Amino acid sequence: YPSLAAIGLFYVIGSWIDKALLWFLPDTGIDVYGPFRASPIYDMPIFMSYLSVIPGMAIFLIRMEADFADRCDQFFSSIRKGATLEQIIDAKDRMVVSVRRGLLDMCKIQGLTIVVLISMNDQLLELFGISPGYRMLLNVGLIAAGIQLLFAATLNVLFYLDERPSALWLCVLFAVANGSLTYVSYLLGPLAYGYGFAASALLAAMAGLMV
């Protein structure tokens with residue numbers, strides 16, 4: 001399935017292109033060793049933000065494996081085994097309810113996590129030895145990582161349904177949007193850093209939910 005390779009490639013590009021741009025653009029990147037670069041202003045707050053998605057990701061994956069996977073199998077089995085139209089529609093409705101419940105539970109847990117971490121961001125920055133001046137970037141990063149988790153969840157549903165073409169164009173959209181919007185945020189200055197990543201994740205997540 002070459003499309004799966006392309007999906008993986010563009011999802012990884014979309015996830016990393018904002019970091020790579022700020023590694024290599026003037027004023028934001030520094031040399032580390034040989035070809036390796038880093039962005040002191042961006043890397044650590046975004047890294048901390050990604051750690052915050054663990055609770056929401058765990059809840060969603062448990063929901064998917066414990067509930068949605070069975071509902072999805074029942075739906076396709078009802079079609080293969082010649083169930084009545086009423087039975088097929090009922091199986092589809094139960095599958096839809098399962099997806100909505102999983103997404104809602106994930107959003108509740110992740111939203112609570114974001115609120116808690118934003119309320120204690122000064123302590124987090126102090127713990128990691130980071131200047132309080134990075135507070136806003138950390139807050140934006142926490143929200144952006146949470147939105148990217150929502151995007152990843154929609155991709156997960158599409159994979160269960162074998163909707164690889166839809167997943168592919170969504171990942172391409174995410175990669176192109178993150179690259180272009182991150183560059184725009186770079187041009188706007190340090191106060192705009194992170195907003196390109198957040199906006200591109202939101203665009204991809206909303207498009208994924210519509211699909």
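**Working through the model**

A: Let's start with serine 166, which lies in helix α7. Helices here are DSSP runs of H or I with at least four residues, strands are E runs of at least two, and both are numbered from the N terminus.

Q: What kind of model is this, and how are residues numbered?
A: This is a predicted model: local features need pLDDT of at least 70, side-chain atom pairs count only at pLDDT 80 or more, and totals for chains, interfaces and linings use all residues. Residues are numbered from 1 along each chain as its sequence is written, and side-chain values use heavy atoms, with hydrogens and water left out.

Q: Back to serine 166. Buried or exposed?
A: Serine 166 is buried, at 14% relative accessible area. Buried means under 20%, exposed over 50%, and partly exposed in between, with a 1.4 Å probe and protein chains only.

Q: What does serine 166 touch?
A: Leu158 and Val211, leaving aside residues up to four places away in sequence. Contact means heavy atoms within 4.5 Å.

Q: New topic. How many aromatic pairs?
A: Eight. In phenylalanine 75 and phenylalanine 76, the ring centres are 5.2 Å apart and the planes sit at 65°, so that pair is edge-to-face. The rule takes rings of Phe, Tyr and Trp (its six-membered ring) with centres within 6.5 Å; planes under 30 degrees apart are stacked, over 60 edge-to-face, and the rest tilted.

Q: What about phenylalanine 151 and phenylalanine 174?
A: They form a tilted pair, 5.2 Å centre to centre with 55° between the planes. Phenylalanine 151 is in helix α6 (residues 135-160) and phenylalanine 174 in helix α7 (residues 164-188), so the pair ties together parts 23 residues apart in sequence. Phenylalanine 151 is buried at 0%. Phenylalanine 174 is buried too, at 0%.

Q: Which residues make up the cluster with them?
A: Ring pairs link Tyr11, Phe151 and Phe174.

Q: Which residue lies over the face of phenylalanine 197?
A: Lysine 19, at 4.4 Å from the ring centre. The test wants NZ of Lys or CZ of Arg within 6 Å of the centre and within 35 degrees of the ring normal.

Q: Where does α1 bend?
A: At tryptophan 16, by about 45°. That is the angle between axes fitted to the seven residues ending there and the seven starting there.

Q: Which α1 residues are buried, and what do they pack against?
A: Ser3, Ile7, Gly14, Ser15, Asp18, Lys19 and Leu22. They pack against α2 (43-51), α6, α7 and α8 (195-210).

Q: Where is aspartate 90?
A: In helix α4 (residues 85-119). Aspartate 90 is partly exposed at 38% relative accessibility. Its C-alpha is 8.5 Å from that of phenylalanine 75, 15 residues away along the chain.

Q: Last one. How many disulfides?
A: Zero, with a disulfide being a pair of cysteine sulfur atoms within 2.5 Å. For cysteine 72, the nearest cysteine sulfur is that of cysteine 171, 19 Å away. Cysteine 72 is buried at 4%.
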